Amino acid sequence: VLYTTCSVLISEGEYVVKHVLDNYDVEIVPLDKPFKESPVLEGVMRSYPHLHDVTGFFYALLRRV
């Protein structure tokens, strides 16, 4: 599952993924491009409007264990 949100808020990105990881039998499939790895959660990506000249968004790739 690719979880993505058009938000720069950690509460709508990393915290949602952390909740899923804590409550379901899934793991992160590490991503390393095309944007920047999140400083909050390893293996997930985040774009920043001031760095990438795009809308800020978050995405994480998850798979069932």
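Residues are numbered from 1 along each chain as its sequence is written, and side-chain values use heavy atoms, with hydrogens and water left out. Because the model is predicted, local features need pLDDT of at least 70 and side-chain atom pairs count only at pLDDT 80 or more, while totals for chains, interfaces and linings use all residues.

The protein chain contains two helices and five strands. Helices (H or I, at least four residues) and strands (E, at least two) are DSSP runs, numbered from the N terminus. Read from that end, the order of elements is β-α-β-β-β-α-β. Along the principal axes, the C-alpha atoms fill a box of roughly 35 × 20 × 20 Å. The radius of gyration is 11 Å, which agrees with the value near 11 Å for a compact globule of 65 residues. This radius is taken over C-alpha atoms, and the globule rule is 2.2 Å times the number of residues to the power 0.38.

Of the 65 residues in the protein chain, 32% are buried. Buried means under 20% relative accessible area, exposed over 50%, and partly exposed in between (1.4 Å probe, protein chains only). Contact means heavy atoms within 4.5 Å. Among contacts between residues at least 6 apart in sequence, 53% join residues at least 24 apart.

In soluble globular proteins, nonpolar side chains tend to be buried together. Here, the largest nonpolar core consists of seven residues: Val17, Ile28, Leu41, Val44, Phe58, Ala60 and Leu62. Strand 5 (residues 57-64) gives the most to this core, with three residues. A nonpolar core is a set of buried Ala, Val, Leu, Ile, Met, Phe, Trp, Tyr and Cys residues joined through side-chain atoms within 4.5 Å. Val44, one of the core residues, touches Ile28, Lys36, Glu37, Ser38, Phe58, Tyr59 and Ala60, not counting residues up to four places away in sequence.

Threonine 5 lies in strand 1 (residues 2-5) and counts as buried because its relative accessibility is 16%. Apart from neighbours within four places in sequence, threonine 5 is in contact with Glu12, Gly13, Phe57 and Phe58. Glutamate 27, in strand 2 (residues 26-29), is partly exposed, with a relative accessible area of 31%. Leaving aside neighbours within four places in sequence, the contacts of glutamate 27 are Leu21, Leu61, Leu62, Arg63 and Val65. Glutamate 27 and valine 65 are 38 residues apart in sequence, yet their C-alpha atoms are 6.4 Å apart in space.

Proline 34 is found in the loop between strand 2 and strand 3 (36-37), and a cis peptide bond with omega of about 15° joins lysine 33 to proline 34. Glutamate 42 belongs to the loop between strand 3 and strand 4 (45-47) and is exposed, with a relative accessible area of 68%. Leaving aside neighbours within four places in sequence, glutamate 42 is in contact with Ile28 and Glu37. The C-alpha atoms of glutamate 42 and threonine 55, 13 residues apart along the chain, are separated by 21 Å. Aspartate 53 lies in the loop between helix 2 (49-52) and strand 5. Although aspartate 53 is not a glycine, its phi is positive, at about 55°; at 73% relative accessibility, aspartate 53 counts as exposed.
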